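This report concerns the salt bridges of one structure. Please consult the sequence and the model shown below while reading.

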Amino acid sequence: MIEKITKSFIDKYGVAPTVFRSPGRVNIIGEHTDYNNGFVLPAAIDKNIYVAISKRDDNQVNLYAADFDEDFSTGIQNIKKAAVQWPNYILGVIDQLQKEGCNLGGFNLMIDGDVPIGAGLSSSAAVECATAFAMNQVFSLGLDKIKMVHLSQKAEHVFAGVNCGIMDQFASMLGKKDHVIKLDCRNLNYEYIPFKLDNYKIVLFNTNVKHNLASSEYNVRRQQCEEAVAIINQFHPEVKSLRDVNKDMLDKYIATGYPLIYQRSKYVVEENERLLAACKDLEQGNISALGQRMYQTHHGLSMEYEVSCKELDFLVDYVKKIPGVAGARMMGGGFGGCTINLVKEEIIEELINAASIVYEHSMKLPLTTYIAMIENGTGDCKQKENLLT
Ligand code: GLA
């Protein structure tokens, strides 16, 4: 991929680029908790977005997306939201950098990668983080990774219109090989936990469903959580987010008057507790306990938080009956994308074959599968000198 993007870049712009990469992510447990100041347990994976970049002498900004075979050009003094979506993940970051007072000039930027789009593996966060990292290096901006995480998240809010939490950008930027990140979204304290699964691997099943509902319903869930906090805050001024809420408070102030809000906030409060227990399971190497908690999370996401869909539910139900699958659940924002499964190595091939047939037959959609390895976060890529001559 590095060679491919370097070659295409030279063919297109006639100069050698510097190449950077930022990975997609998985999340073991802790879903829809990040924007509630809760905990998440993500990791960066071996699928990346690559950004090749070279500075220009003028103020021109030329972008090219290999996936769409599309160009987009503008001026560095004229960065605004584009009508097509893909440039917005790049322009949104440039906009944020400029708002921070960074002095940027023109550049050529090409983007390519193997993070599937719309699969819930955070391809958009990977584009934002790769762009932020590339700009930081090429224009010597002196930003640290946490600053770039914040800028990338803000770019998603302002230019992509999704009021996302911080998990995806954090995991993409700060992932560590063979470790999951236990991230406290209240204060961004984090800890790397070794992800040792004996002979289990992370297998992703992509439903190939991309629901338009995803971004609008995501923002609605966020508002519902904020509503619960606002109600409780009237009685407990110290409560600033669902992180500060316990089940007694929910029962006392929310249960009777606000059944839907109760359902949503109860899931979030329980998910935070589940994550802390899951970290203990992981430390003790208790994969089957961890797996059971993933099933519980799926149940909550499907029945209480209501962000699943029939294809995701089908895949989780299907693997539940199979010995050798420790646990599974839908992953990410929901309404489509992937399930994450912990699967014993020796049954992976058989499981993928069987699940593909059953899924395609029942849901009339292809099943795409990936075995995810945990890798390092955002970084630069070594260039092959011979390509540049
Ligand atoms: C999306 C968002 C994240 C997070 C998850 C749900 O991936 O970008 O911030 O909220 O959904 O856990």
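This is a predicted model: local features need pLDDT of at least 70, side-chain atom pairs count only at pLDDT 80 or more; totals for chains, interfaces and linings use all residues.

Residues are numbered from 1 along each chain as its sequence is written, and side-chain values use heavy atoms, with hydrogens and water left out.

The structure contains 21 salt bridges, a salt bridge being a side-chain nitrogen of Lys or Arg within 4 Å of a carboxyl oxygen of Asp or Glu. Among them are the following pairs.

| Pair | N to O distance |
|---|---|
| K12 and D71 | 3.0 Å |
| D244 and R186 | 2.6 Å |
| E304 and K266 | 2.8 Å |

K12 and D71 form a salt bridge. Because K12 belongs to helix α1 (residues 2-13) and D71 to strand β5 (residues 70-75), this pair ties together parts 59 residues apart in sequence. Helices (H or I, at least four residues) and strands (E, at least two) are DSSP runs, numbered from the N terminus. K12 is partly exposed, at 36% relative accessible area, and D71 is partly exposed at 48%. Buried means under 20% relative accessible area, exposed over 50%, and partly exposed in between (1.4 Å probe, protein chains only).

E304 pairs with K266. E304 lies in helix α9 (residues 287-304) and K266 in helix α8 (residues 259-283), so the bridge links parts 38 residues apart in sequence. E304 is buried, with a relative accessible area of 16%. Salt bridges with shared partners join K247, K266, E270, E273 and E304 into one network.
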